[in-house]
Amino acid sequence: MVQGMLVTALTIYGIAICISVFRIIIGPSLPDRIVALDMIGVMLVSSMAIVSVILTTTAFLEVILILAVLAFISTIAFSKYIERGTIIEYRRDD
Amino acid sequence: MKINNVILRTVTKLVFFIILTLAVYLFFAGHNSPGGGFSGGLVLASALVLLFIVFDIETIQKGLPIDFKLVAAFGALLSVGTGFGALVFGENFLTQAFDYFNIPFFGKTELTTVTIFEGGVALVVVGVVVTILLSISEDE
């Protein structure tokens, strides 16, 4: 029962990641692609948690932490690129 | 155009130390599980990259006056130095030694020279990644 629910959730996450990849390829504007990339990061973190529940192991917990950190930093970098045009500034203007 | 990003700066001041803790954990977990000097160094470099993105280069270099090229060079010296240290005792190059010591608070602890080697690798990774990012982002 629980095993079937976990596998179903993992399948739905796989379909959702495929749809997000489709959005990244055809996305009309840059913010669409960035939101889709952030979505993929969050869904990968969730599916890693489900995989470690299915396999009853704690070996993937570092993967979850590092994926969350990298998704956070990449979202901040892309947002700053949209907002400012540069990612790392030499001197702050304000 | 003045942009008010006080939420991002406040969150960064907190998240920076969480990422540093993760880097130290990965560095010491590398002894007998996934992790080690390379991935710990990459996570440490990503924490520094987060600081450079949210603040600017001038502020960070005033508060953290480190030349990251020297960090990379010192790490390479440390890693190769542990390799050549084995030659002094008549062993092969890069032979690592370990032993058990009784440390008062921690009890019986295994101390090894692999940790020094991994620390050198972590310093090389941090220095090279931050130097590359700062070189490609300078526009003046």
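Visitor: So how much area do chain B and chain A bury between them?
Guide: About 2200 Å², with 67% of it on carbon and sulfur atoms. Keep in mind that this is a predicted model.

Visitor: Which elements of chain B give two or more residues to the side that touches chain A?
Guide: Helix 1 (6-29), helix 2 and helix 3 (57-63) of chain B. Helix 1 of chain B has the largest share, at eight residues.

Visitor: And what classes do the residues on that side of chain B fall into?
Guide: You get 15 nonpolar, three polar and five charged.

Visitor: How many residues are in contact on each side?
Guide: On chain B it's 23, and they are in contact with 19 residues of chain A.

Visitor: How many salt bridges go across the interface of chain B and chain A?
Guide: The rule finds zero salt bridges there. For polar contact, it finds two residue pairs across the interface, both at pLDDT 80 or more.

Visitor: Back to helix 1 of chain B. How do its axis and the axis of helix 3 of chain A cross?
Guide: They come within 12 Å and cross at roughly 145°. That crossing is left-handed.

Visitor: Which residues meet there?
Guide: From helix 3 of chain A, they include Leu65(A), Ile66(A), Val69(A) and Phe72(A). Helix 1 of chain B brings residues including Val11(B), Val15(B), Ile19(B) and Tyr25(B). By class, this contact has 13 nonpolar, no polar and one charged residues.

Visitor: OK, switching topic to inside chain B. How do helix 2 and helix 5 cross?
Guide: The axes of helix 2 (residues 37-54) and helix 5 (residues 114-137) of chain B come within 8 Å and cross at roughly 35°. Helix 2 of chain B passes helix 5 of chain B in a right-handed crossing.

Visitor: What's in that contact?
Guide: Helix 2 of chain B puts in residues including Gly37(B), Gly41(B), Leu44(B) and Phe52(B). Helix 5 of chain B meets them with a set that includes Glu118(B), Val125(B), Val129(B) and Leu133(B). The residues of this contact divide into 15 nonpolar, two polar and one charged.

Note on methods:
Residues numbered from 1 in each chain as written. Chains lettered and ligands numbered in written order. Predicted model: local features only at pLDDT ≥ 70, side-chain atom pairs only at ≥ 80, totals over all residues. Heavy atoms only, no water. Axes fitted to C-alpha atoms, helices over the stretch in contact; angles between N-to-C directions. Helix = DSSP H or I, 4+ residues; strand = E, 2+ residues; numbered from the N terminus. Left-handed = near helix turned anticlockwise from the far one by under 90°. Contact = heavy atoms within 4.5 Å. Nonpolar A, V, L, I, M, F, W, Y, C, P; charged D, E, K, R; others polar. Buried area = accessible area lost by both parts, 1.4 Å probe. Salt bridge = Lys/Arg side-chain N within 4 Å of Asp/Glu carboxyl O. Polar contact = N/O pair within 3.5 Å; in protein donor to acceptor, adjacent residues only side chain to side chain.
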